[in-house]
Amino acid sequence: MRPEHQLYTYTYLYKISNTSTSFIQKMIMLFISSLDEYLIELAMLQEQKNLPELKKVIHKMKPSVMNLEVKGAAEILKSINNASSWNNDTDRRVSQLREIFAAIKPMMEKDLARLGTEEI
């Protein structure tokens with residue numbers, strides 16, 4: 001069973017792993033464990049309005065976000081990366097990213113549990 005969602009997909013992971021369940025589980029676990037860190041960093045940097053550090057954080061999270069094809073996140077990351085100063089749009093984009101991550105974390109945890117008990 002391949003979990004399918006509107007907010008993200010595992011299509012790329014299946015493609016590069018040759019449908020290896022253990023590889024897919026490891027990648028999902030890594031991303032889930034990173035989400036808490038990303039959420040904390042995004043909140044802190046949003047409060048501080050620290051654009052240079054925010055750009056470093058989004059650079060770090062970009063590969064995972066792209067591999068999981070998190071819907072809308074690529075555009076948000078690009079917009080933040082292109083920002084020259086902190087403004088209302090930057091603030092709105094960071095809030096959107098935080099909302100997306102908060103929404104997908106429990107969904108991915110359920111996927112991980114299902115992948116651990118079912119054959120793909």
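**Salt bridges along the helices**

Guide: Arg-93 and Asp-89 sit four residues apart in helix 5 (residues 88-117), a separation of about one helical turn. Helices here (H or I, at least four residues) are DSSP runs, numbered from the N terminus. This is a predicted model, where local features need pLDDT of at least 70, side-chain atom pairs count only at pLDDT 80 or more, and totals for chains, interfaces and linings use all residues. Residues are numbered from 1 along each chain as its sequence is written, and side-chain values use heavy atoms, leaving out hydrogens and water.

Arg-93 and Asp-89 form a salt bridge, with the closest N and O atoms 3.9 Å apart. The term means a side-chain nitrogen of Lys or Arg within 4 Å of a carboxyl oxygen of Asp or Glu. Asp-89 is partly exposed, at 31% relative accessible area. For the scale, buried is under 20% relative accessible area, exposed is over 50%, and partly exposed is in between (1.4 Å probe, protein chains only).

Stay in helix 5. Lys-105 and Glu-109 are also four residues apart there, about one turn. Their closest N and O atoms are 3.8 Å apart, in a salt bridge. Lys-105 is buried, at 18%. Glu-109 is partly exposed, at 37%. Both join Asp-36 in a network of salt bridges.

Now helix 3 (residues 51-67). Lys-56 and Glu-53 lie three residues apart in it, about one turn. They form a salt bridge, the closest N and O atoms being 3.1 Å apart. Lys-56 is exposed, at 53%, while Glu-53 is partly exposed, at 33%.

Across the whole structure, the search finds nine salt bridges.

Definitions and conventions: Helices (H or I, at least four residues) and strands (E, at least two) are DSSP runs, numbered from the N terminus.
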